[in-house]
Amino acid sequence: MRTYRAALVALVIASGLGCGRKEGDTVAPAPPPVVRGATVQTLAAEDLPDLQEAVGTVRARNSAQLAARIPGSVSRVFVREGDRVGRGKVLVSIEAVESGAAAAGAVSGVEEAARALSEAQAQKNLANVTFDRYSRLFAEQAVTRQEYDTRKTEQEVAAQAVARAEARLAQARHGAQAAGAVAGYGRVVSPISGVVVSKQVEAGQTVFPGTPLMTVEGDEGFRLEVAAPESLLGKVRAGDQIGIAVEGAPETGRVSEVVPVVDPATRTFTVKVDLPSGRLRSGSYGKAFFKTGSRKGVSVPAAAVVQRSSLTSVWVVSPEGVARLRLVKPGRTQGGRVEILSGLAPGEKVVTAGIDKMVDGAKVQ
């Protein structure tokens, strides 16, 4: 009896559900979303440059590596790494007792030579006066010829003594100047205006001639120095505008120097490309791209590229106006455009602006 009732209830429920839908009824699909305000561009074949890539390093155009010129002990370091300094700014003070004593002795030598010259000049003046008096007496035949010749010789000897004293004074002054210059090497000053990028000494350290002290990079800008392949020798010239890839720099640079010497180990030569100061720092990595020819291809604006993880895609609009996200293989980026190596063909339409509005399968109007 219970089994019969349960079966009856199930039959009634099934009959009620079946009566709610008529035979032949179907559910209408939802209309596709519509995207308005997007910019669509039709691709066309264009001449794309064939580029030869060369890697290099950013360096300051003007750099000063300072080293000790006298032995001594570093008494004080006036700057730290990152400090900006002007030309003539004292960076390091080196205490050198020997050079200081030599400079003081040289000054004393100048003073002694000056006194000796004064004495010689006084003797010469006396010899001149005496010779003049004996000349008058000799004319009056009041003195002998021998006395006259003796006074004349004394005058000549006094003149030679003055000349020797003048020479010794000049020599002493040059020696004092040299000793003063050597003593001045204890004050290490910056030869250029710029930034201290490295410091190799601290106060109390003993240094010798040639010991590195610090490096200052000038404010005259930077340049990218790349190792270009030997095949480009003679094809790259100063003044050429080339593409570069350096963080914080524009996409193009001007070749300032070409070093026409090939390294036999790497078969490359050095090309220097001027860069603006900006946010660049020495040692940064960079690339330069040298044009070697051209070929047909397609490219899209960099704003049209969708980057998700390691996948690169673009929104392609079909002839019916439906947007689909398509995977592509990108090439180099140059002048704000990305070369597409595969995945797109001339004549296709891509979304170049408003990609944040796009939905797969949306109708683009």
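A residue is called buried under 20% relative accessible area, exposed over 50%, and partly exposed in between, using a 1.4 Å probe and protein chains only. By that rule Thr 333, at 43% relative accessibility, counts as partly exposed. The model is predicted, so local features need pLDDT of at least 70 and side-chain atom pairs count only at pLDDT 80 or more, while totals for chains, interfaces and linings use all residues. Residues are numbered from 1 along each chain as its sequence is written, and side-chain values use heavy atoms, with hydrogens and water left out.

**Thr 333**
- Thr 333 belongs to strand S20, residues 329-334; strands (E, at least two residues) and helices (H or I, at least four) are DSSP runs numbered from the N terminus.
- Val 300 is 33 residues away from Thr 333 along the chain, and their C-alpha atoms are separated by 9.6 Å.

**Two open sheets**
- Strands count as paired if DSSP finds at least two bridges between them.
- Two bridges join S10 to strand S5 (residues 72-77) in the antiparallel sense, and Gly 72 has Val 207 in S10 as its bridge partner.
- Another open sheet of four strands, also antiparallel in its pairing, has the order S4-S11-S9-S6.
- Here strand S4 (63-67) and strand S6 (84-85) stand at the edges with a single partner strand each, so one side of each lacks a neighbour in the sheet.
- S4 and strand S11 (residues 212-218) run antiparallel and are joined by five bridges; Gln 65 stands opposite Thr 215 in S11.

**Pairings of strand S22**
- Strand S22 (residues 349-353) pairs with strand S2 (residues 39-42) over four bridges, in the antiparallel sense, with Thr 39 opposite Ala 353.
- S22 also pairs with strand S18 (residues 311-317), antiparallel over two bridges; there, Val 317 has Lys 349 as its bridge partner.

**Nonpolar cores**
- A nonpolar core is a set of buried Ala, Val, Leu, Ile, Met, Phe, Trp, Tyr and Cys residues joined through side-chain atoms within 4.5 Å.
- The largest core has 21 residues, of which Leu 224, Ile 244, Val 271 and Phe 290 touch the most other members.
- Strands S3 (46-60), S12 (222-229), S13 (241-245), S15 (268-275) and S16 (285-301) each give two or more residues to this core.
- Apart from it lies another core, of 17 residues, including Leu 91 and Val 188.
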